[in-house]
Amino acid sequence: MIKAIFFDIDGTLVSFNTHRVPESTVNALRALREKGIKLFIATGRHLMAINNLGDLQFDGYVTLNGSYCFAGKDEVIYKNPIDPADLEALLTYQETVEDFPCIFVQESAMYLNYKNETVTEILDLLDFPEPPHRPLREVPAGDVFQLIAFFNEGQEPKIMSHLPGCAATRWSPLFTDVVSAGGSKQTGIEKVLDYYGLTREEIMAFGDGGNDIEMLTFAGTGVAMGNAEEEVKQVAGYVTSSVDEDGIYRALQHFGLL
């Protein structure tokens, strides 16, 4: 019996084309809540950057790819910052080997060192608020929970070799989210399940990107969107139609939840 469902945002709940949640999904989620099924977000976004879900209500949030998790919107139940030694290694690499745009994501703020065409493209694609610009050496003191690093797949092995305490969670060829090693949406979901007394067999998860793979394989029922990458579809228990073709609504109907 499904008692809780976790949803990725971009490309899953929200269309890349319209930047909105389809009406069929809005109605489906409201129907699920009326049935007493708990609803959660599992995203790479910071809570303060979730700007595209309208008035939909959720029981908790797995944010920053599992690095910062909430019950409701206010109770922090888990956080896992990046080792300061890795941050220093990143800054040294940028200063001495190769510079690239990067966003430092802290507990209540984000800072971008500089913007190029790639950054503009991704911010537009996600309808993502542009962080204030600041040299990363001058970012205010505080834990950093995620790096939004704009380097490509070819650059990744070399750069990540300098960050032994980190892992890259990529879903785009243009950038990757970097979190503390061992961190993932699955890790965050496990913390939420512990908090609410749920088991993996009692949950369903929806996703479309590479950073959703662990989540979809962990959940008792993992659903890939029709617009998902092929590697995501291969690990999912079920593949629905795309976000723009009422994929969430159709999958929930398929499983008898609506």
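1. Start with Arg 170 and Glu 156: in this predicted model, their side chains meet in a salt bridge, with N and O 2.8 Å apart. Arg 170 sits in strand E9 (residues 166–172) and Glu 156 in helix H4 (residues 156–160), so the bridge ties together parts that are 14 residues apart in sequence. Both Arg 170 and Glu 156 are buried.

2. Next up, Glu 88 and Arg 137. Their salt bridge has its closest N and O atoms 2.8 Å apart. Glu 88 belongs to helix H2 (residues 84–96), while Arg 137 is in the loop between helix H3 (117–126) and strand E8 (144–149), so this pair links parts 49 residues apart in sequence. Glu 88 is partly exposed, at 36% relative accessible area, and Arg 137 is partly exposed too, at 44%.

3. Then take a look at Lys 115 and Glu 130, another salt bridge, whose closest N and O atoms are 3.0 Å apart. Lys 115 is in the loop between strand E7 (110–112) and H3, and Glu 130 is in the loop between H3 and E8, so the pair ties together parts that are 15 residues apart in sequence. Lys 115 has a relative accessible area of 37%, which makes it partly exposed; Glu 130 counts as partly exposed as well, at 40%.

4. As for the overall tally, the count comes to 11 salt bridges. The pairs picked out here include Arg 170 with Glu 156, Glu 88 with Arg 137 and Lys 115 with Glu 130.

Definitions and conventions: Residues are numbered from 1 along each chain as its sequence is written. This is a predicted model: local features need pLDDT of at least 70, side-chain atom pairs count only at pLDDT 80 or more; totals for chains, interfaces and linings use all residues. Side-chain values use heavy atoms; hydrogens and water are left out. A salt bridge is a side-chain nitrogen of Lys or Arg within 4 Å of a carboxyl oxygen of Asp or Glu. Helices (H or I, at least four residues) and strands (E, at least two) are DSSP runs, numbered from the N terminus. Buried means under 20% relative accessible area, exposed over 50%, partly exposed in between (1.4 Å probe, protein chains only).
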